[in-house]
Amino acid sequence: MRIYFVSLGCDKNLVDSEKMLAILCRAGYELTDVPEQAEVIVVNTCAFIHDAKEESIETLLELAEYKKTGNCQVLIAAGCLAERYQEEIQAEMPEIDGVVGTAAYDSILEAVGQALEGKRSVWTKELTYLPAGLTDRVSSGVSHVGYVKISEGCNKNCSYCAIPSMRGRYRSVPMEELVEEAVKLTARGVRELILVAQETTLYGVDLYGKKMLPELLTRLSQIQDLVWIRVLYCYPEEITGELADVLRDNPKICRYLDLPIQHCNDEILRKMGRLTNRKQLEETIRMLRERVPGLALRTTLITGFPGETKEQHEECLSFVREMKFDRLGVFPYSPEEGTRAADFLGQVDEETKRARADAIMEVQQQVIFDTNETLVGSRFEAIVDGYLPEEDVYVARTYRDAPDIDGCVFFRAPHELLSGTFVTLTVTAARGYDLTAEWCEAQQCEEEDPIPAGSMDPALRNKED
């Protein structure tokens, strides 16, 4: 039987999707990218914010039409929406033949089988459960980049976030499983490994009694054909000097850190349930930049949190100008049912929330544009992501850019290149959020080494310096 699979939401969801695909393919199901041909359709849903819930519901209803116009016999809802709203789905969406919760994705085969027998079923497990031994994956994206989810759930209980209710408390995946999974991904052609979780910095505390992310990074870096390792979702209060030293000293670890701070005002941070204040954020950022030269810092902010005043918003604008984050994303606050913040007084109207988000991005845009100008003349090691035939240019990324969320480098090459190839490029111009570069012939690079994943500050390599 043919199966059509849709993965919505974050890269952590993508990992679950690829493991479900491996389970189904091992049982003999054949993948198709043509939904009208599929007898089975699975949607791994997201319910992080209101827009994500709407997208999940719309996708399910749209694909349900293939029961009338295509071959579809079974439609399965999996993931966060299925976990959080399983009763509502059963009562209000008769199009759905099976529901699979976030902790029960290892039951996908049974869910599909029951649905094919005409039995509408719900598969959920306690949110303390963590599927074990699922190290096989079926790639659903680019073959040279692989995500590894190192833990499940979260203990932080931020007042705006519904994740603990959908994913449970923090559970680390045993290190041996993660190394095995990474070895298999590398054997399949993955050259850049990206570690994800609701929070990566607490990895290992529940299993080993201490933070083990530095040790995990060291173990993974010993995989021979793995070239880059990148870490996302590091909570600032959990950053240690040991982690900074690994970023600095291990040449395979990208000098890139995703540090979601959400705000800088002490009162807003307190109401959010965050465990830092502005002074501590500044100290952490200063420590990281001092200990890890050339570090690219990414962060995320929330605008329009309940009670946020104009002055608190302006403080955030000033903070963004001062900190000069290399990458930054902004989300207007979304009141999620079941969270404490949804009942807070002082809810901010949508227009104001979005206007404040736009204002922050306008400031950040100038920060990035100015930073990119300083990179002109620098040489970088970059990974090729693809080719644009209409422009006859290749698209690549330096260590400063994570796939899909950050910038790119555009260049021409003297011969054909495969995605996943590492090349040396000289930056020739800044193009807004992106860069243009020229191919660096081997003999031209002998006098000056490229800037690899772990290296010195790119500004120190600028030809003009």
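Biologist: Are R230 and E192 buried or exposed in this model?
Modeller: Both R230 and E192 are buried. Buried means under 20% relative accessible area, exposed over 50%, and partly exposed in between (1.4 Å probe, protein chains only). The model is predicted: local features need pLDDT of at least 70 and side-chain atom pairs pLDDT 80 or more, while totals for chains, interfaces and linings use all residues. Residues are numbered from 1 along each chain as its sequence is written, and side-chain values use heavy atoms, without hydrogens or water.

Biologist: What do the side chains of R230 and E192 form?
Modeller: They meet in a salt bridge at 2.8 Å, N to O (a side-chain nitrogen of Lys or Arg within 4 Å of a carboxyl oxygen of Asp or Glu). R230 is in strand β11 and E192 in strand β10, 38 residues apart. Helices (H or I, at least four residues) and strands (E, at least two) are DSSP runs, numbered from the N terminus.

Biologist: How many salt bridges are there in the whole structure?
Modeller: The search finds 39. One of them joins E18 and R137 at 2.9 Å. E18 lies in helix α1 and R137 in the loop between β6 and β7, so this pair ties together parts 119 residues apart in sequence.

Biologist: Which other residue has a salt bridge with R137?
Modeller: E181 does, at 2.4 Å. E181 belongs to helix α8, 44 residues from R137. E181 is buried at 2% relative accessibility, and R137 is buried at 11%.

Biologist: New topic: where is Q262?
Modeller: Q262 is in the loop between β12 and α12. With 10% relative accessibility, Q262 counts as buried.
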